[in-house]
Amino acid sequence: MPETINLTERRQGFKQVFVQKGWRKERAGNSLPEVFSTIPVPVNGSFRKKLIAFSGPGLMVAVGYMDPGNWATDIAGGAQFGYTLLSVILISNIFAIILQYLALKLGIVTERDLAQVCRDHFRPSISFCLWILCEIAIAACDLAEVIGSALALNLLFHIPLAVGVAITALDVLVILFFQYKGFRLIESIVAALIFVILACFSYEILASHPNFMPLVSNLIPKQEIVYNPSMLYLAIGIMGATVMPHNLYLHSSIVQTRNYKRNEAGKKMAIKFAAIDSTVALMFAFFINASILIVAGATFHNTGHQGVADIMEAHTLLAPLLGTTLASTLFAVALLASGQNSTLTGTLAGQIVMEGFLNIRLKPWLRRLITRAIAIIPAFIVTIIYGSKGIANLLLLSQVILSMQLSFAVIPLLLFTGNPKKMGKFTNSLPTKLIAWLVAIIILVLNVYLLWDTFK
């Protein structure tokens with residue numbers, strides 16, 4: 001056992017400094033200490049009341065699975081290949097449900113988020129590398145949010161793209177306002193915006209009149225997805241857009257906002273209800289992602305517009321092809337809601353990752369400006385030089401980057417949740433370990449293939 005050399009009590013929790021194998025390991029306080037265990041859970045309440053108390057984190061995580069980056073890959077996939085890649089969205093969503101379950105279990109059992117557990121477990125050099133990779137993923141995701149919000153502003157109000165990109169830097173003020181009003185308020189806003197997106201795409205589905213029999217058949221994967229390079233590239237992009245690496249860090253933190261008993265029975269109950277919340281929310285995300293691809297397939301692929309590959313072109317063609325201007329308007333409204341929703345959760349993910357890996361607490365407005373600057377600069381340059389076409393390519397590239405970073409979050413998560421020293425009685429069972437590692441291997445193989453094909 002490591003020797004404890006110092007113990008001090010702080011407002012956020014306890015801080016323990018250990019010496020182990022000649023190097024220092026520091027364990028800090030709770031994740032997001034300002035909202036830790038602040039949302040009450042009825043001790044003797046009914047199943048429904050407990051489920052309501054635990055509902056919220058799943059929707060916040062689901063936001064990352066329906067952000068503007070998903071739109072680009074889903075539209076391109078639907079326009080080029082019809083409903084063929086629908087199976088990829090389904091498989092990606094199943095992967096997401098499994099991985100988010102492991103993330104929430106890690107947070108509840110250890111009372112540490114994934115970034116903190118990485119810092120506790122790995123040497124500083126390894127933790128620093130993982131932090132850099134995670135920051136790259138967050139920057140890529142934030143890039144998609146910037147581009148998506150700028151495109152929506154352009155489509156709705158005809159604001160130039162470059163100006164729209166600059167305006168997105170100001171949303172930090174709105175985020176900070178809501179952040180200090182309570183975590184439940186943030187969850188409510190996220191839920192309301194998700195409802196807006198659901199309503200918009202329910203209308204789009206009805207207006208596009210898809211053929212439902214091919215939809216069902218394409219839920220089963222086809223071999224051509226692997227053998228067709230263009231299809232495989234988009235499939236990996238869809239997976240990168242769907243299974244977000246920073247969402248694993250986010251989920252392991254925000255499940256700790258519930259005030260349940262921190263004993264074995266309390267944690268077991270928390271895992272149960274958090275898992276239900278996460279699974280139901282991710283099914284909403286599947287419906288939205290599938291809807292985007294279905295609308296693109298029914299509207300563009302089946303009418304000879306297979307070349308549609310970006311959001312602006314899709315918006316332009318929706319009204320004339322479907323015979324109603326409302327289709328284009330609701331498309332842009334959903335895009336704006338998606339971009340703003342992702343901004344809220346992206347802010348929290350950035351805070352969790354930096355504090356967890358580095359044990360550095362920055363003021364929220366400073367952290368947000370740093371993240372936004374990293375995303376805005378390339379988006380602003382590309383917008384000025386290449387216009388909307390360059391933005392579309394940059395959006396697709398951001399999703400491929402996310403996919404390449406995914407393994408560096410998934411593998412530590414599997415190692416920790418399968419470690420009895422960290423999880424105790426909640427350690428992953430053998431079937432869970434086999435399924436989770438199969439998911440990790442599939443993701444890793446696809447990413448290696450993508451790198452090989454790109455350099456080739």
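A patch, in this report, is made of residues with over 30% relative accessible area and no salt bridge, and nonpolar side chains are joined within 5 Å. The model described here is predicted.

Leu415, Trp437, Ile441 and Val445 make a nonpolar surface patch of about 360 Å². The most is given to this patch by helix H20, which spans residues 430-455 and supplies three residues. Trp437 is found in helix H20. Trp437 has a relative accessibility of 33% and therefore counts as partly exposed.

**Cysteines**

How many disulfides does the model hold by the rule of cysteine sulfur atoms within 2.5 Å? The count comes to zero disulfides. Cys118 illustrates this result: the nearest cysteine sulfur belongs to Cys134 and lies 8.9 Å away, and Cys118 is in no disulfide. Buried means under 20% relative accessible area. Cys118, at 0% relative accessibility, therefore counts as buried. Cys200 is also buried, because its relative accessible area is 5%.

| Residue | Relative accessibility | Class |
|---|---|---|
| Trp437 | 33% | Trp437: partly exposed |
| Cys118 | 0% | Cys118: buried |
| Cys200 | 5% | Cys200: buried |

**Confidence of the model**

For the protein chain, the mean pLDDT is 81, and 82% of the residues reach 70 or more. Over residues 1-28, pLDDT stays under 50. For residues 1-28 the model has 59 contacts beyond four places in sequence.

How values were computed:
Residues are numbered from 1 along each chain as its sequence is written. This is a predicted model: local features need pLDDT of at least 70, side-chain atom pairs count only at pLDDT 80 or more; totals for chains, interfaces and linings use all residues. Side-chain values use heavy atoms; hydrogens and water are left out. pLDDT is the predictor's confidence in each residue, from 0 to 100. Contact means heavy atoms within 4.5 Å. Patches are made of residues with over 30% relative accessible area and no salt bridge: like charges are joined within 9 Å, nonpolar side chains (Val, Leu, Ile, Met, Phe, Trp, Tyr) within 5 Å. Accessible areas come from the Shrake-Rupley method with a 1.4 Å probe; for residues, only the protein chains shown count as cover. A salt bridge is a side-chain nitrogen of Lys or Arg within 4 Å of a carboxyl oxygen of Asp or Glu. Helices (H or I, at least four residues) and strands (E, at least two) are DSSP runs, numbered from the N terminus. Buried means under 20% relative accessible area, exposed over 50%, partly exposed in between (1.4 Å probe, protein chains only). A disulfide is a pair of cysteine sulfur atoms within 2.5 Å.
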